[in-house]
Amino acid sequence: NGIANVMIMSVTERTREIGVRRALGARRRDVLRQFLLESALLSTAGGIAGVVLAFLLGLLVSFFIREFSAQPPLWAITAGSVASVGVGILAGHWPARRAAALDPVEALRHE
């Protein structure tokens with residue numbers, strides 16, 4: 001939900017930029033690709049931050065409780081990262097389609 005909200009705000013705030021790009025010849029799929037890539041990068045950064053934080057917390061717990069191994073297995077890290085990127089792309093799809101569908105003339109008039 002957070003990624004979708006960020007992407008909706010990004011599209012809203014950059015309506016004029018989208019209009020300029022479209023007026024200069026950018027195709028709808030170029031704009032769609034731009035916002036989907038932005039969404040994927042945002043969710044990847046969040047996923048990496050989550051994995052690093054979980055790893056550090058696991059080290060901290062293992063330091064205080066030596067018998068308890070709190071290190072995540074590689075499959076969990078991989079699954080979490082893939083899920084993070086997938087959620088980001090899904091959450092960014094609607095705002096990206098909305099950006100790609102903007103009429104260049106109307107987008108340029110937007111204040």
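Analyst: Partly exposed here means a relative accessible area between the buried limit, under 20%, and the exposed limit, over 50%. The model is a predicted one. Arginine 27, at 45% relative accessibility, therefore counts as partly exposed. Its salt-bridge partner is aspartate 30, with the closest N and O atoms 3.5 Å apart; aspartate 30 has a relative accessible area of 19% and is buried.

Aspartate 30 also belongs to the contact between two helices. Helix α2, residues 15-23, packs on α3 at an angle of about 140°, the axes being 10 Å apart, and the crossing is right-handed. From α2 the contact takes Glu17, Ile18, Arg21 and Arg22, and from α3 Arg28, Asp30, Val31, Gln34 and Phe35. By class, these residues are 3 nonpolar, 1 polar and 5 charged.

Isoleucine 18 touches Val11, Val31, Phe35, Ala99 and Leu102, leaving aside residues up to four places away in sequence. The largest nonpolar core has 8 residues, including Ile18, Val31 and Phe35. Two or more of its residues come from each of α1, α3 and α4, and α4 gives the largest share, 3 residues.

Glutamate 17 forms a salt bridge with arginine 14 at 3.1 Å between the closest N and O atoms. Arginine 14 also pairs with glutamate 38, at 2.7 Å. Because glutamate 38 lies in α3 and arginine 14 in the loop between α1 and α2, this pair ties together parts 24 residues apart in sequence. Glutamate 17 is partly exposed at 35%, as are arginine 14 at 21% and glutamate 38 at 25%.

Note on methods:
Residues are numbered from 1 along each chain as its sequence is written. This is a predicted model: local features need pLDDT of at least 70, side-chain atom pairs count only at pLDDT 80 or more; totals for chains, interfaces and linings use all residues. Side-chain values use heavy atoms; hydrogens and water are left out. A nonpolar core is a set of buried Ala, Val, Leu, Ile, Met, Phe, Trp, Tyr and Cys residues joined through side-chain atoms within 4.5 Å. Buried means under 20% relative accessible area, exposed over 50%, partly exposed in between (1.4 Å probe, protein chains only). Helices (H or I, at least four residues) and strands (E, at least two) are DSSP runs, numbered from the N terminus. Contact means heavy atoms within 4.5 Å. Axes are lines fitted to C-alpha atoms, for helices over the stretch in contact, and angles run from 0 to 180 degrees between N-to-C directions. A crossing is left-handed if the near helix is turned anticlockwise from the far one by less than a right angle, and right-handed if clockwise. Ala, Val, Leu, Ile, Met, Phe, Trp, Tyr, Cys and Pro count as nonpolar, Asp, Glu, Lys and Arg as charged, and the others, Gly among them, as polar. A salt bridge is a side-chain nitrogen of Lys or Arg within 4 Å of a carboxyl oxygen of Asp or Glu.
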